[in-house]
Amino acid sequence: MSHIVIFQHPVRTDEHKVYSVESGTHLAEWVAKYLPASGALSATCNFEPLPSLDHTIGEMEVISLRPKLGFGPDWLIYAALALSAVSVAASFLMMPDTPGNVDTKQASSVYNYNAQGNKPKLGNPVPVQYGRMPHYPDIAAPNWWEYVGNEQFYYQTFSKGVGEFQFHGHYIGETEIENSPDIELRVYQPGQVVNHFPHIVWTSKEVGGSDGQGGLTLTGVTVDWEATASAQEARFADRAVTLWSQETYRTSKDSTTLSWVRQKWPWKAGQHIIITSTTTPNLIFEGNLIFHDMGDDGSIFDPEEYPDEIENPLGWDFVTVGKRYIFTGAGANSGTYIVSEKLPGNRIRVRADGGGEVTSFEPMSGIFCRISEALDNDGTYVCKDDQGTLARVNSESLEEDPTWFGFIKMDSPTAQLSVLERDTEAKWVGNFVAAPKDAPSLDIGLDFIFPRGLGEMNGDGAIVGRTVEFQVRVRPAGSTSAYQTKTLSFTAADNTPQRITRWLGAEMGLGSGKWEIGCRRLSPFIDSTRVFDEVQWMGLKSVIQRDYVNDAETIITLKIRATNALSQQANSQYWCDSTRVLPVLQSDGTLQKQATRSIADAVIDACRDTIYGAGLPMAIIDTDTLLAYRNKWAQRGDYCDGLFDSPVAFWDALGRLLSTGRAYPRVDFGTVSLWRDEPRQVLCKPYSPVNMLPESFSAEIRLVEDDENDGIEVEFFNPKTRKSETVLCTVGQQQGYNPKKLNMPFITNADHARREGLFHAAVLAYRRTDIEFSTDIDGWQSNYGDVVPVAHDAVKWGEFGLVQETLTHEAGQYLQLSGLLTWKPNQQHYVVFNSGNGIHGPYRVAQTEVDDIVLLLDKPTRPIYAVGERGQQPTQYMFGIANQLYKRCILMRVAQKGENEVSCRAVEDDPRVDAYA
């Protein structure tokens, strides 16, 4: 059984229905049958987009249907929400989970002063800018660094946002950086290849930390450790070994004597010693061996290590199961072992001297080793002090063997004592995986720092050169393959900190893959104030992606040579001043890319754009009105400068853009249009009890209350200070003690903000009469924002009625009106008539001897229809003296109330507001 999931919303998934369908059902036919009025739909099959509905549903397929973004309050302008999954989420898949890189909703880096700075904003939309704005771009890839010539270079990649921009300046903190010799800046337009430096470089948190602070010290072996003791005889007794040599002393002028002299014990407490040949030299093999780490049984609850194995391509005929043997030359695998089993394939298993099966061999291939049979006191020991007191140890764990009771007492001229190779060789630091899960490395970089410099002070106080060698080992992550190794060196004669980065692609020819890395120091370490050669492994980084292309966003890259001034700010304080480049509609109907701050250009772009806007065709955008107001707004100095950096509904976004021009979005005859709150002479459809539903009219005159707002406080964005600022605006008797807050972040000029504040203050002070009424479906001829004439006897706004009869006489045209007429002496009276979605008039009228008949003194410009004329609605009229025919009102809401009823809400248009328009 297959399923069709129908979503009610283009983006949200909370409202949906699921239908079961048979396989073989044709999708387009199913939609035509069950969703005949669905409109445009987008479809996916098992989460993959379908190019059309011409699809035959297969077995176990899941089809998702959702409405395409189109007109209505559910249109969304998610500021490039879809892009954030491409340019940000993919880039940050490998980003370390440091406090600054947490995947959470972030505060605005522009309008929230405390949050200003560069941050990775996973889960947040890519910003959409209009006009000119200072902006802290979002981090588009992990920041990283490297050391070149003992200087730190810092690399940053930013997403400026969707679209193209004209840049006016680039800054770090308050420092302009375009001409700085320490900073190399590049701007990549949408679709260009970003190749300034590798785009994604992942930095391990385990080596030095993702901030480049702290490191792992490569300790090495101190220079005072002797590897081999030189003596003519070793004397074993109890738990101690003493070393003796014969020396000749002169007892007189002509005679000498030979005597045994005890040598100073050459090793310190804690060092491990291998003793061989205490009876006779017993080397039984020299050759290349392979050490195998056999891993574990794979159990996730209690993994059991398998015994490791040693392979000799020449075979193991010379060893006997149960006997003790000393392996030297095998580095970390050297020690004394007992052969426990011979295996096929020229392999053996061994157990530690004084312990169980060995399970911790480091994998080695082709290692030249020597094998001696352990006789008498041969074995592996640890120094208990610096006088020769020893204790035998487990050759694998190096823990003391509790079953050992002391040496066989003997004097041995053949005994050989040497430091266990695991002590002679510096311990490996690592291994560390060089890249995150499922992200192969294209190259691997290692950072090293010499915090005290590198060199040696001679007897004259001069610094002479010194060389330090360190080794890198590499193998595929999670494997037991043999390591690739590379010895690196660095030479300097400087007592200031030295920093280097080595890339293994160049050093070792390392290719793409998933690698684990270890490091150790080879050069002996001298603990002396005259020698400075401490080395720290400071960082491990992996190139995940080199070049990058983003078809929709502008990308900015910075290569910064860190200095004391810049390194403190560069991490999160880069910002730029820019103006958005948009396709600007020309008078000939073409679109040309221009840097613009125009409100009209921003609105047209938000309607047209298919990435973050509604994707509307130009035909359903009221460009004539927008272009007419574009010129007016430019003359007034009204601009739209702002940034969308959080999701917002399309209609709300248009409202925010248009509010900078004191305008509001509306739908006008199927097109996206606007109305501007300004003095308007043209009046739209008239309303009176003639076309109002009975008892639907109400009026509320808002009186002054004690707690009423008495002014407007406009909050706008000041690009010079990069902060929100406020301006207090009052008119008339307003004192501004309790102002109403008005947030207008897309206004960036104090004069502009003050103009808007004064207008809104005048609206607050003078537009104090609210009315509501209902009408029949003719009310749909009106629209939100229309200025309409309203007459009603309840509030003494003019007189009204229908034209009952018309009569043309040689003296003029007479009209019989349905309502009672009130005549004021010595005053000229007028009448206006409805005409579709408007009025015509006023026309002068004169009183006659009949109360309900008037003489029309002016010739009407449009026909007047009386009650009963076939096929025509009777003409409505409004009557009165000048300025008292009706009240001008602004419709604030026109909404469907019932099947044949439209609800309207309006506010009286007080002429005193016009002074602040």
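**A proline in a strand**

Modeller: Pro842 is found in strand β58, and please keep in mind throughout that we are looking at a predicted model.

Biologist: What kind of peptide bond joins Gly841 and Pro842?

Modeller: The bond between Gly841 and Pro842 is a cis peptide, with omega at about 5 degrees.

Biologist: Which other strand pairs with β59 over 4 bridges?

Modeller: That is β56 (residues 812-817), which pairs with β59 (residues 853-856) in the antiparallel sense.

Biologist: Switching to backbone angles, what is the phi of Asn150?

Modeller: Asn150 has a positive phi of about 60 degrees, although the residue is not a glycine. Asn150 lies in the loop between β9 (138-148) and β10 (151-162).

Biologist: Stepping back, how many helices and strands does the chain have?

Modeller: There are 9 helices and 62 strands in the chain. The radius of gyration is 45 Å, well over the 29 Å that the globule rule gives for 917 residues, so the chain is more spread out than a compact globule. Taken along the principal axes, the C-alpha atoms fill a box of roughly 170 × 75 × 55 Å.

Biologist: What is the mean pLDDT of the chain?

Modeller: The mean is 86, and 91% of the residues reach 70 or more. Among the elements of the chain, strand β54 (residues 787-790) has the highest mean pLDDT, at 96, while helix α2 (residues 81-89) has the lowest, at 35. Over residues 69-104 the pLDDT is below 50, and in the model this stretch has 100 contacts beyond near neighbours in sequence.

Biologist: Now the helices: at what angle do α6 and α7 pack?

Modeller: Helix α6 (residues 599-608) and helix α7 (residues 623-636) pack at an angle of about 150 degrees, and their axes are 8 Å apart. The two helices are therefore roughly antiparallel to each other, given that angles over 145 degrees count as such.

Biologist: Which residues make that contact?

Modeller: From α6 the contact uses Ile599, Ala600, Asp601, Val603 and Ile604, and from α7 it uses Thr623, Leu626, Arg630 and Trp633. By class, the residues of the contact of α6 with α7 are 6 nonpolar, 1 polar and 2 charged.

Biologist: And how do the axes of α6 and α8 cross?

Modeller: The axes of α6 and helix α8 (residues 650-659) cross at roughly 170 degrees and come within 9 Å, and these two helices are therefore roughly antiparallel to each other as well. On the α6 side the residues are Ile599, Ala602, Val603, Ala606 and Cys607, which meet Phe650, Leu654, Leu657 and Leu658 in α8. In the contact of α6 with α8 there are 9 nonpolar residues, with no polar and no charged ones.

Biologist: Back to sheets, then. In what order do the strands from β19 to β29 lie?

Modeller: The order is β19-β18-β17-β29, an open sheet of 4 strands with antiparallel pairing. At the edges stand β19 (256-262) and β29 (410-412), each with a single partner strand, so one side of each is left without a neighbour in the sheet. The twist in this sheet averages 25 degrees from one strand to the next.

Biologist: Over how many bridges do β18 and β19 pair?

Modeller: Strand β18 (residues 240-250) and β19 pair over 7 bridges in the antiparallel sense, and Gln246 stands opposite Trp260 in β19.

Biologist: Last one: which strands form the open sheet that includes β31?

Modeller: That sheet has 4 strands in the order β31-β38-β35-β36, again with antiparallel pairing. Because β31 (429-433) and β36 (484-492) stand at the edges with a single partner strand each, one side of each is left without a neighbour in the sheet. Here the twist averages 20 degrees from one strand to the next. Strand β31 pairs with β38 (residues 515-521) over 4 bridges, and Val433 has Glu516 as its bridge partner in β38.

Notes
Residues numbered from 1 in each chain as written. Predicted model: local features only at pLDDT ≥ 70, side-chain atom pairs only at ≥ 80, totals over all residues. Heavy atoms only, no water. Pairing = 2+ DSSP bridges. Axes fitted to C-alpha atoms, helices over the stretch in contact; angles between N-to-C directions. pLDDT = per-residue confidence, 0-100. Contact = heavy atoms within 4.5 Å. Parallel < 35°, antiparallel > 145°, perpendicular 65-115°, else oblique. Nonpolar A, V, L, I, M, F, W, Y, C, P; charged D, E, K, R; others polar. Rg over C-alpha atoms; globule rule 2.2 N^0.38 Å.
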